[in-house]
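Q: Please take me through some strands here. I want to know what each label rests on.

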Amino acid sequence: MKTILIAFLILTSALSAQTVPGKAQKTKWKLVWEDNFNGNKLDTSKWSLINTRPDQRASAWSRHMINDQRVYSVKDGSLYLTAIRNPGIENDPRPYLTGGVDSKGKFFFLYGKAEIRMKKECAQGAWPALWILPEESFYGPWPHSGELDLMEHLNFDKNIHYNVHTRYVDVIKNKSNPRSGSSVTETDVTQWNIYGLEWYPDVMVWTLNGKEVFRYPRVESLDKDQLQWPFDKAFYFVLSQQLGGSWVGEVKAEQLPVSMIIDYVKVFQKK
């Protein structure tokens with residue numbers, strides 16, 4: 001209840017801040033929520049383990065997700081989300097198992113700045129992601145109510161990907177006005193990096209180690225039915241060590257296990 005109350009206060013303060021300028025460098029922030037993953041247990045007042053039944057039709061990102069202790073751990077001040085070969089779990093035919101957590105129903109926010117400090121291991125078929133989804137599907141099912149990807153990485157690439165998903169982008173297929181995705185090259189993902197998103201009523205600003213790398217503006221002149229900007233509702237976090245799929249390609253089992261390692265997740269609001 002305490003976490004939900006914090007989220008409610010964030011929503012209330014954010015709704016009163018409709019004049020926030022859409023420029024990262026002009027905003028002063030105060031910390032309102034965080035998890036530093038201290039101790040040796042996941043804080044279940046903040047996070048839920050993602051679990052997908054093996055007989056359930058699932059999207060590429062979630063089809064191997066399981067709430068098994070072999071695919072997640074909290075140690076040395078970090079959260080480890082891991083992809084492994086299935087060790088032979090009874091009645092589970094999936095070849096691989098992966099770890100992920102989300103904050104749905106426990107923490108969500110509207111406007112502000114999110115920062116996640118993370119490093120990762122690499123493997124063919126590994127697809128870790130840091131992203132946020134709408135707490136309620138106010139504008140309809142995916143992608144109508146939106147998705148924002150703070151960071152996605154594929155295989156051993158030097159690229160980090162940033163993407164926006166909406167009806168405007170994924171159904172109407174308007175990915176260039178404004179540009180709905182970007183990537184940053186020559187990034188050493190195996191070292192600690194801070195992946196950030198500054199969310200204003202009129203623009204999204206992605207940052208890498210405090211420097212702006214991409215922005216996505218609201219286009220006021222568009223018909224609202226196109227849902228170019230469903231980003232006026234609360235969103236929650238998803239942290240997922242995904243594995244396989246048409247985008248990332250085939251998995252090389254001999255390169256597993258592979259982990260993403262999260263030092264902290266923080267949310268700030270305007271002072």
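Q: What makes strand E12 mostly covered?
A: Six of the seven residues in E12 (residues 193–199) are buried. Buried means under 20% relative accessible area, exposed over 50%, and partly exposed in between (1.4 Å probe, protein chains only). Six of seven fall in the buried class, so E12 is called mostly covered. The model is predicted: local features need pLDDT of at least 70, side-chain atom pairs count only at pLDDT 80 or more, and totals for chains, interfaces and linings use all residues. Residues are numbered from 1 along each chain as its sequence is written, and side-chain values use heavy atoms, without hydrogens and water.

Q: What links E12 to strand E13?
A: A hairpin joins them through three residues. E12 and E13 (residues 203–208) also pair in the antiparallel sense, over five bridges. Trp199 stands opposite Met204 in E13.

Q: Why are strands E2 and E11 called edge strands?
A: The open sheet has seven strands, in the order E2-E6-E15-E8-E9-E10-E11, with antiparallel pairing. E2 (48–49) and E11 (181–184) each pair on one side only.

Conventions
Helix = DSSP H or I, 4+ residues; strand = E, 2+ residues; numbered from the N terminus. Pairing = 2+ DSSP bridges.
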